[in-house]
Each structure stands twice: as structure tokens, then as C-alpha cells.
Amino acid sequence: MTENIVRPLPLNPDPLLNVEITTELVAQHGLLPEEYETILKILGRVPNLTELGIFSVMWSEHCAYKNTRKLLRLFPTEKKDKDAIGQVLVKAGEENAGVIDVGEGWGVAFKIESHNHPSAIEPFEGAATGVGGIVRDIFTMGARPVLLTNSLRFGSLESAQVKRLFRGVVSGISHYGNCLGIPNMGGDVYFDDCYEGNPLVNALCAGILKHEEIQRGAATGVGNPVYYVGPGTGRDGLGGASFASRELTEESAADRPAVQKGDPFMEKLLLEACLEMMAIPGLVVGIQDMGAAGLTCSTCETASRGNSGIEIDLDLVPQRETGMNSYEIMLSESQERMLVIVQKGREREIEEVFEKWDLHAAHVGEVKNGDRMVVKHKGVVVADLPAKSLTDEAPIYDQPASEPAHVTAARDWRVDSIPELSPDSVESSLLKLLAHPTIASKRWVWQQYDHMVMSGCTVEPGSDAGVVHLSIAGIDKRLAISNDCNNRFCYLDPYKGAQIAFAECMRNLACSGAKALAVTDNLNFANPNKPEAYFMLKECVKGLADACTFFDVPVVGGNVSLYNEHGEGAIDPTPVISMVGLIEKAERVTRSFVEQSGQSIILLGGLPNELGGSYFLQTKYGKKEGTCPEVDFSEEKKIQDFLIHSIDSGLVEAAHDLAEGGLLVAVSEMLFEKPNLGIDLSVDSLGNSNRLDALLFGESQGRVLISVSDDKLDELLVLAGEKSLPAIVLGSINESGRLKFSLSGNEILDSNVAQLHRIWSDAIPRKMNQN
Amino acid sequence: MKVAILQFPGSNCDWDAEHAVKDVLGINAARIWHKSSLPSETEAIIVPGGFSFGDYLRCGAIARFSPIMKDVKSFAEKGGQILGICNGFQILCEAGLLPGALIRNDCLEFRCVNQKVKVVDSNDRFNPAKLGSELVIPIAHGEGNYRLKSAELDKLESNNQVLLRYDDNPNGSINDIAGIRNEQGNVYGMMPHPERAVESYHPSTDGISILKSFLEPVLNPSSVELSAS
């Protein structure tokens, strides 16, 4: 340690910041006493208040992954098969987003990120800025954003408060994404009491770029100028990163200033200006979004990645409020800003681009020798810290874990505890499931999103996966996207639950004709300092990591959101999985809807036989219990490979994954685009559960329904036979408008498809229109 | 360059319009920045959709003051062909090149759906015989509710200036109006997006005939008759 480092800093020009750093002040900044001790050791002196603020945001869970960094190392970050398509070009954690190869010199950057806490307090702005943040992460990589999706979780729609949150979040996403002109392909929405007061808002963006266009977030080249671009800095979103790393309480509403306000118009200008600037050869050295922890995070991360020092002068930072001090400027999370390092001597080129778009491009500093991040304000050094200490030396914790009692109970659960379902209750059970908001049509949501802009929408939201044609890149390829996570299974068995989320997501892509390339995950969990919550987190991560390894689908990035608790309750573990897949040929694009008669519906994977964790138990008995369905990855792989192969061979008209609600719900959904169609389903036996409820409504994994033209039926069945894959012909599509089901020749269901469709499509709008 | 596609800050269907005109119809087109002047070789203008100037104040209210709008107005006065789509329609109304105004959808929400529209027998270029009587064209807007004073509405209707009407009105537009033209027949405006209905993977390819009808004077200059009302 040199003498230069331990010399105390001069007084801050704002007297309010010249306070003694007390234990209380440290605690208010969310830092533990031992973390503060480490800071003292790193600095060799007491930090001033600005520096303490910088450490508090950089060492928050949101930025430093203190509680999860060890676990995240379990994820495979590249493909084992080096010949497969989808090789990882930029790995998880290296940059703002991961990038994978999609062939012919093109890459896809994609990532998911949460904005749960801000959305709980201020749903419209919280969700809107969530979209803004993830889009910046993508174009920072040099990619043109081509699609958005969201995973949303809310409490019960019976509550007026939940309706307010739901409406606010959806309109916030709609407002921001539509204005940017990036197609929003929907995503998934679940409703469960565990999210009451703590909704989840996870936003994903994917973008396309040429390999050589990949940008890095590193400050290199001593003397290179550092630019601040975008609108001015205000006091909004002060300390948002540390806010997101706490539990929500009644007092959280008082945190409203920690929620940022978004301006999608500014972001659109920033997006276009940045892409225009990055298209100028050799101009940009490094670029980093000012997201969580704003100017602080972008300066120390770029310096740290570039193994450089960096110096900035806050007097040069564009400001939209007067009298801001160094603490406020460094910690502000004002939106739509970027830090850009350009080649020395080419300053005019960046300035001209931003002048065209009427945005600031302020030369605020430069890349320095050494390793310090130095911040000046009004001629005084207000912070002087080793950049790497902020990014790499944050404490890492391994928390104690213990299995919650309900997980043990779920394992020992017996299906006998549930009364047998009488055949005359089949229809009412089906109606209840179709009306549950998790299962019901989400059109109310996605018709508020512009999913057609950029002219690429090939399969609109509502099918198993959204598909976007990459016409904007001038290439004849399609990206398929799916998000999944059934929290109920993760609650009952975190390890298997996470694997089910993974398998279902991949299966959804396969149903659309796409092969999964890579994963981005959003780990939404409760307070990791509680052993039972940490157990759930750890098991989910393990389950997910094992799934990624088995299927050779690496994780290329993601986000962790902890402390999702409100009042007495914690959310169920919710590791949201998103996968990107590729469809090379137009004729392979497959939807989940049957379009005409003359086709048969075939069930792949065998009759469902498990009831645990099902939505049937919820809607019929109000129970979230039972043993999580079995996961058999070899069988799963066999089915998905078969599905993709038969789609490739032109044998499949429509494909739909069996998920929430089970067999009858899935068959109904396949008919819902043309409710004048009907089907007589018939099965010879109850299957090996010997229970009607498990057969019709159980959520056993690895099941897919496909629709096959009658003239191709034999070919498909022979193919399935060769692969020894269970394929059961359930019935053929007719034009009766009736959904019938008979068991061993006895008819036990005869429903009007149009009526089922009405219940399914009206469920959410009806609730949203009730006050 | 034949078709100029205007690009305002916040335009976001400019690329889509260029793609439809250039790649699908095979007609020369370029995007022209709002601070530039209109290239002299311009034969038609498309004012594309999006959120020009973030929809601040009112949709299209700021864009009408952009430098290029002076050229657009004199181009219109000379009988030049102009098509405003979605936000472009809103801009042309704000600029006084088309009558009326577009206000918030009556459902108070943004709507993005595949919309059925009926083609109105407006003139030689735009009629059901040429385009088909019913088309499916995507809409995507929050402010598509067309409004006009009743005296002007009567005039609009009696002049056959309505081009398209919604089937199952999604936004509360008066007389189900989805698209109109000016009296002279050289300025078109519509909320539906014809540029989003041109590819095999789109919900329909009905947009092609709309764009062709609009570009008829550029495609086939000899057969043009201005204003057939």
C-alpha cells in the first residue's frame, strides 16, 4: 500500500457530505460490520460518505451476487459439443449480456432481468424501466434488439390491489416497449397467493448482431476520453440497487424516490444513436449501460474489465436538477444513460452522432494508468478507490441451508388422501381450470403489446413459443422464445421443480419446431439469510445446473432477485427459465392450434398418472400439495428429439405441450383458435395411476400432444414405434364443435367447445372489468 | 430515389415501410431524416408509424414542426402522393394535410390485433374491385379513435374520402373510419399497417394491394387520374 492511498481525501465541497462514518450510517447503507472492516482494509483509511455510498451499491446483492456467486458457478457457461449451433461467443458474467452464435456470422445477445421491487411500489414505472434496463443491456453489446418477453407473477386477481398492480405492470411494459418499437412476444403470467404484495416482473430482450460487431464494456487505452451520453442526471432512483436488496415492508412505499422514472422516447433516441455510433469502425473502445448503481457501476466496471484506472469530473456530467452533490450524482439511477469510451482524437465523431439525435455526449473523463477510480467534483477529489475492489472483492457468502418441513411432507404425500373424481364432475373441473387466470387466455395482456412491429412476428403470443423472423437482419432465420416456471413444483420440490421449468421451456421450443440454443435465467427467491429460503435457492440452482449440463444448453446470463418477501410471507421459489431457439426453415414453424379436420390428435409420452402439485388440486380442493411429478431426462430428450424430427419430416400440423391443467386443458387449447372444431377423445384404460383425475388433469412431465394429418398418421406411428416412444392416438378432429371424452367406451364428457373457449378467453378481462 | 420514408426521432415503423416498398414491391425507397430536405427525385412520401417525439403533447403535434414538413406540404400542394400510416396519419392530421384528429382509443388501452377492415369504394385507385372488399391488416395503436366535426364528416363521407372502415370497431372511431384520403386524392392516411401484411409469415398479404394502390402513380405514371371523386 503506497502512502498516496492512505492519505485522507480533502473535504467534500458539499458540507452535508462531510460527516463522521458511524456504525449506524454503515448499517443504513446495508453493509455488515465485517464488510465495513474489509472496506477499511482495502482503503487503508476511513471512506468518506460518497465512497461509502459507492461501496454500498456495488456490494449490494443486486450488483455483487454476494449470496449466489458460488452457486452460479455450477451453471455450464459453454457448450460441450463444439460442432453444435449456438456456441457461446460472450459468456455469462463477462459483459452486459451473453452472446451466442446462430450461424452465417450472426450472433444473438439475450438476457432476462428483474424489476420486482420497483414494480411492487410503483407498478407502471417499475415495469417500464425494467424493460428499459434490459434493452440497454442488449444494445450495449452492439446488437439491434429484435424481441422482448416478460415473466410476470401476481397474487390472486380477486384482490383489488393485485388488479392495480397487474394493470399497472402491463401498461408500463406496453408503454415502454411499444414506443421503442421492439416486438413484445408476450411471455408467461402466473397468479398465486404467494406473490400477493410482491409481484415478479422479469423482462427479457434479445438482439441480433454480426460477430465482429460485439462490443465490450472495458475502459482501455490510457488517455482515451470517457463520454457520458443520454439525458441529464437527476435525483431519481437514488440507491435503487441497494433498495432491491432488501425485503419489502409497509414502509417500502416511502422508498418511492428509489424507483426510477422512464422515458422510452429518450431510450429510443439513445438506442439509435448508440447503434449509429457503434457502426463507425474503430470509434468505440468500450461501452457500458448506466443501470443499477448508475455512474458508479459503469465507471468502476469498465475500469475493472479494462485493467485500467478511470477518472471522471462530475462538473461535466449533464444534470437536470440543481445543487446535486457527488453522492447523489454517483448513485442516481436516472434512466437512459450510457458511458462510452472512444478512441482519443475522434471526439468529434461521437459528438456529431449525438448532436443529430439531440442527446448529450459529454466528455466527462478519461482512462488512466493504474487501477484507481477517481471522481472529482468542484475541483476536489471526492472518491478515490481501487476499481477492482468494488467489482471483484465484494464478500461472498455461503449461507446455512435447511429443508423446509413442507418439502419433506410433499415427498411423503399419498394420492389416496384425495377422493376419487366422479365422472360427472369432469366437466365442472375442466371449467374451473380453464377459468383460472394462470391457465386462461392472456390475450388481455399481449394485445396491449405491439408484437408485430419490425415486421418479423411469425407466431404471435399465445402459442407454445413466440417466433420472430429476422428479416431486419436480412437473413432467412427465425428466433423462437419461451419463458417458463411453475412455482408450485419449485415450492414442493425445488430441485425437480427447477428441472421441470427447464424441461418445459425446452419442450415449448420443440413444439414450435425450434432447437433450444441457450438459457437465460432469472432467479427470484426469498431472503437468503433464512436457512429454509437458502435451501430452496440452492436446490433450484443445482437442479437447473444439472438440467443444463444434461441437455448441453448453457446459461449465458441472467439475474438474481432475492429478498422477495412481503409482510409475513415469502414468494415460492421462482427460477424463471428463458430459452432462445432457432428455426432455419419456414415450413418447420409449428403452432399449437389445430386449423382443420382430417387430423388426429396423438399423445406422446404416455398417459399422465401423477396429481401432485397440479392446478386441479388447487382449483378443486384449494391445495398446493403433493409429490412433484417425476422428471426423466432421457425420456424427455427422446420425445423432444422425436418431435423435432417429425416436424422436420413434415408430419406434424400442430404441437402443444401438456402443462398446467393437464390433458383436457391442453386438448381444449388446441381447438381454441377454431372453436367450431371438435374431437371425440377415447382412451381404453385409466393408465397406471388407475385414477380418472390423474389421467385427465394430472401434470406428468414429458408429454406432448401433436396433430397429424390422417394420411400421415401411419408413417408417424411407425416412426414412433421404431424409437419405442409411447404414442397414443386419442381421436380425430371433426367439425362438431364438441369436446367428447370416453373411457373404455363410456362417454364421460360432452362439452361445447365454443362455451369452453368463452370461459377461457373471458376469465381475465371479466376479472379486470369488475371493481 | 422514388419513395421517401420520413424518419422522425421516435419513428419506429420506418424500417418496416422501407422493407415492404423496397424488398417486397421492388420499388426504390430510402429513409429521410426529419432535419433534411426532401430529395428532389421524390415521387411519393410515406410517413411511417411510431412515436414521433415520444407522442409528447399529442401524437404528431411536434413532428409537424420538423424542418422536412415544409417540403412535405409543398409536395402535397403540387399533387405529390403521400401516405401516413398510424403515427404518420396522426402527423398528417396535425399538419392539416388531412382533416380530423385521432384521440385515445375508447377502451383506453393500446391495441395490437389482426384487424378486419372493409374497403370503401373511394375512387379509381381505392375500391373493393381493386383491393377486395374485406382485408386483414394489423393495427397497433393507443390513439386511433378518429374524430371529425359532423359537418366535415358529412363532407368527408359525401366526397367518398373514406378508404377503410373497421369491422368490429377496436377504438371507437366515428363511422368506423380506419383510413381516409384528402379531397384531391393524393394524401392518404390510415391507422392499420399495410407494411405489416406483406410477407408469407404475416397474418395476410393484403397490405401489398394497399401499398400498390397508393404507389400507382409512381409505378405507372401514365394511368394516374388525380381525384376521381
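Residues are numbered from 1 along each chain as its sequence is written, while chains are lettered from A and ligands numbered from 1 in the order in which they are written. Because the model is predicted, local features need pLDDT of at least 70 and side-chain atom pairs count only at pLDDT 80 or more, whereas totals for chains, interfaces and linings use all residues.

**Exercise 1. Describe the overall dimensions and composition of chain A.**

Step 1: chain A has 27 helices and 28 strands, where helices (H or I, at least four residues) and strands (E, at least two) are DSSP runs numbered from the N terminus.

Step 2: the radius of gyration of chain A, 27 Å, agrees with the value near 28 Å that a compact globule of 771 residues would have; the radius is taken over C-alpha atoms, and the globule rule is 2.2 Å times the number of residues to the power 0.38. Along the principal axes, the C-alpha atoms occupy a box of roughly 90 × 55 × 50 Å.

Step 3: of the 771 residues, 62% count as buried (20 or more other C-beta atoms within 10 Å of the residue's own; exposed is 12 or fewer, and partly exposed lies in between, with C-beta atoms placed from the backbone).

**Exercise 2. Determine how H11(A) is oriented against H14(A), and which residues meet.**

Step 1: helix H11 (residues 264–278) and helix H14 (residues 347–356) of chain A pack at about 150°, with axes 9 Å apart; axes are lines fitted to C-alpha atoms, for helices over the stretch in contact, and angles run from 0 to 180 degrees between N-to-C directions.

Step 2: that angle makes H11(A) roughly antiparallel to H14(A), since angles over 145 degrees count as such, those under 35 as roughly parallel, 65 to 115 as roughly perpendicular and the rest as oblique.

Step 3: A:Ala273, A:Glu276 and A:Met277 of H11(A) meet A:Ile350, A:Val353 and A:Phe354 of H14(A), two residues being in contact if their C-beta atoms, placed from the backbone, lie within 7 Å. By class, this contact has five nonpolar, no polar and one charged residues (Ala, Val, Leu, Ile, Met, Phe, Trp, Tyr, Cys and Pro are nonpolar, Asp, Glu, Lys and Arg charged, and the others, Gly among them, polar).

**Exercise 3. Carry out the analysis for H4(A) and H12(A).**

Step 1: the axes of helix H4 (residues 49–58) and helix H12 (residues 294–305) of chain A come within 10 Å and cross at roughly 80°, and the two helices are therefore roughly perpendicular to each other.

Step 2: A:Ile54, A:Val57 and A:Met58 of H4(A) make the contact with A:Thr296, A:Cys297 and A:Cys300 of H12(A), giving five nonpolar, one polar and no charged residues.

**Exercise 4. Characterise the side of chain A that touches chain B.**

Step 1: the contact takes 25 residues from chain A and 22 residues from chain B.

Step 2: helix H9 (160–180) and H11 of chain A each supply at least two residues of this side, and H11(A) gives the most, with four residues.

Step 3: the residues of this side of chain A divide into eleven nonpolar, ten polar and four charged.

**Exercise 5. Locate H3(B) within its surroundings.**

Step 1: eight of the eight residues of helix H3 (residues 87–94) of chain B are buried, so H3(B) is largely enclosed by the rest of the structure.

Step 2: these buried residues pack against strands S3 (44–47), S4 (81–85), S5 (101–103) and S11 (187–190) of chain B.

Step 3: after H3(B) comes B:Gly96, whose phi is positive, near 80°.
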